[in-house]
Amino acid sequence: MPRTTDFPDARRGDAALVLVSPWLVPAAALQRAAADSVLAEWEHQKRPDAMLALTTFLSTDGSHVLNYAQWTDEGAHREWARTVRPAAVGRIDAAITGIRRPGLTRYRRHRSHVPEGPGPRPAFLVTPAFATTGPDAQRALADTVAGTLDREPVPGLLGVHVHLSQDGARVLLYQEWAGSSAWRESTGHGASARLNTTIEALEGVSPTPAVCAAPASADPPTGEHPDAPEARDVPGVPGVPQYRLHASLLNVPAAATGTAATDGRTP
């Protein structure tokens with residue numbers, strides 16, 4: 001499949017596993033090269049059917065690339081990471097020096113809020129993250145976000161897809177916006193501010209860095225890919241980073257009923 005310039009279908013029903021992985025680059029000028037290298041490695045290898053799609057985003061501050069991958073099967077991904085990934089990462093590091101990989105987080109999309117009716121294509125991504133004390137806190141946050149937005153949508157917010165980490169310790173709000181200006185105009189005001197106040201009142205939920213640091217030894221040159229990085233700030237990376245789409249690689253198209261089965265505010 002060729003690359004596309006579309007946001008991924010975050011609601012596709014066959015994506016049982018979502019892998020989110022930041023790659024920190026030593027200079028903003030290397031962002032595109034790093035993102036292209038990730039996509040090129042997938043384009044030039046036999047892709048397992050369990051790998052559905054991969055999307056790369058560029059942070060607006062130039063600090064990193066965000067990789068968002070959808071898979072059907074965790075076992076298939078772990079096997080690929082064990083057998084194929086080390087060589088692929090080695091080739092990338094030989095061409096682009098200085099990339100740091102804090103680690104990936106394994107998520108599943110729990111539910112989404114998408115305003116009804118046709119709307120513009122997303123143009124901007126924001127990913128606030130929260131630490132949670134377990135699955136109950138995760139679900140409470142997800143239901144609060146979706147329910148609050150159902151009652152009072154935020155202007156310019158085209159979709160929120162709530163991702164729960166497998167270990168119960170983290171929630172990622174994958175927010176699709178009409179543009180950067182819409183996000184800036186809403187932040188701290190009106191419905192957006194009221195939603196934040198509601199989240200702050202939840203027990204077992206607290207803001208956490210969206211891009212986490214990991215111990216220096218966690219990303220050796222062999223290309224090992226640690227899970228669940230330590231949740232502490234990465235110097236120079238905003239606590240809530242913003243992104244623009246670079247490109248997507250669609251390996252397996254979504255079934256015609258994939259999105260409808262998990263549409264809108266249905267858990």
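Is Asp93 buried, exposed or partly exposed? Asp93 is partly exposed, with a relative accessible area of 25%. That residue is a handy way into this predicted model, which holds 6 helices and 11 strands. The protein has 267 residues, and 52% of them count as buried.

**The overall picture**

- Take the contacts between residues at least 6 apart in sequence: 80% of them join residues at least 24 apart.
- Searching the whole structure turns up 12 salt bridges.

**Asp93 and its partner**

- Asp93 forms a salt bridge with Arg101, and the closest N and O atoms are 2.7 Å apart.
- Arg101 has 3% relative accessibility, so this residue counts as buried.
- Asp93, by contrast, is partly exposed at 25%, because a residue must be under 20% to count as buried.

- Arg3 pairs with Glu43 in another salt bridge, where the closest N and O atoms lie 2.8 Å apart.
- Since Arg3 sits in strand E1 (residues 3-4) and Glu43 in helix H1, the pair ties together parts that are 40 residues apart in sequence.

- Arg78 forms a salt bridge with Glu74, with 3.0 Å between the closest N and O atoms.
- Both residues lie in helix H2 (residues 74-83), where they are 4 residues apart, about one turn of the helix.
- Arg78 is partly exposed, with a relative accessible area of 42%.
- Glu74 also counts as partly exposed, at 26% relative accessibility.

**Helices H1 and H3**

- Helix H1 (residues 31-43) packs with helix H3 (residues 85-95) at an angle of about 140 degrees, and their axes are 10 Å apart.
- H1 and H3 are therefore oblique to each other, because an angle has to be over 145 degrees to count as roughly antiparallel.
- The crossing of these two helices, H1 and H3, is right-handed.
- On the H1 side, Ser37, Val38 and Glu41 take part, meeting Ala88, Arg91 and Ile92 in H3.
- Sorted by class, the contact of H1 with H3 has 3 nonpolar, 1 polar and 2 charged residues.

**Helices H4 and H6**

- Helix H4 (residues 135-151) and helix H6 (residues 190-200) pack at about 155 degrees, with their axes 10 Å apart.
- That angle is why H4 and H6 are described as roughly antiparallel to each other.
- The crossing of H4 and H6 is right-handed.
- H4 brings Leu141, Thr144, Val145, Thr148 and Leu149 to the contact, while H6 brings Leu195, Thr198 and Ile199.
- By class, the contact of H4 with H6 has 5 nonpolar, 3 polar and no charged residues.

Methods
Residues are numbered from 1 along each chain as its sequence is written. This is a predicted model: local features need pLDDT of at least 70, side-chain atom pairs count only at pLDDT 80 or more; totals for chains, interfaces and linings use all residues. Side-chain values use heavy atoms; hydrogens and water are left out. Axes are lines fitted to C-alpha atoms, for helices over the stretch in contact, and angles run from 0 to 180 degrees between N-to-C directions. Angles under 35 degrees count as roughly parallel, over 145 as roughly antiparallel, 65 to 115 as roughly perpendicular and the rest as oblique. A crossing is left-handed if the near helix is turned anticlockwise from the far one by less than a right angle, and right-handed if clockwise. Contact means heavy atoms within 4.5 Å. Ala, Val, Leu, Ile, Met, Phe, Trp, Tyr, Cys and Pro count as nonpolar, Asp, Glu, Lys and Arg as charged, and the others, Gly among them, as polar. A salt bridge is a side-chain nitrogen of Lys or Arg within 4 Å of a carboxyl oxygen of Asp or Glu. Buried means under 20% relative accessible area, exposed over 50%, partly exposed in between (1.4 Å probe, protein chains only).
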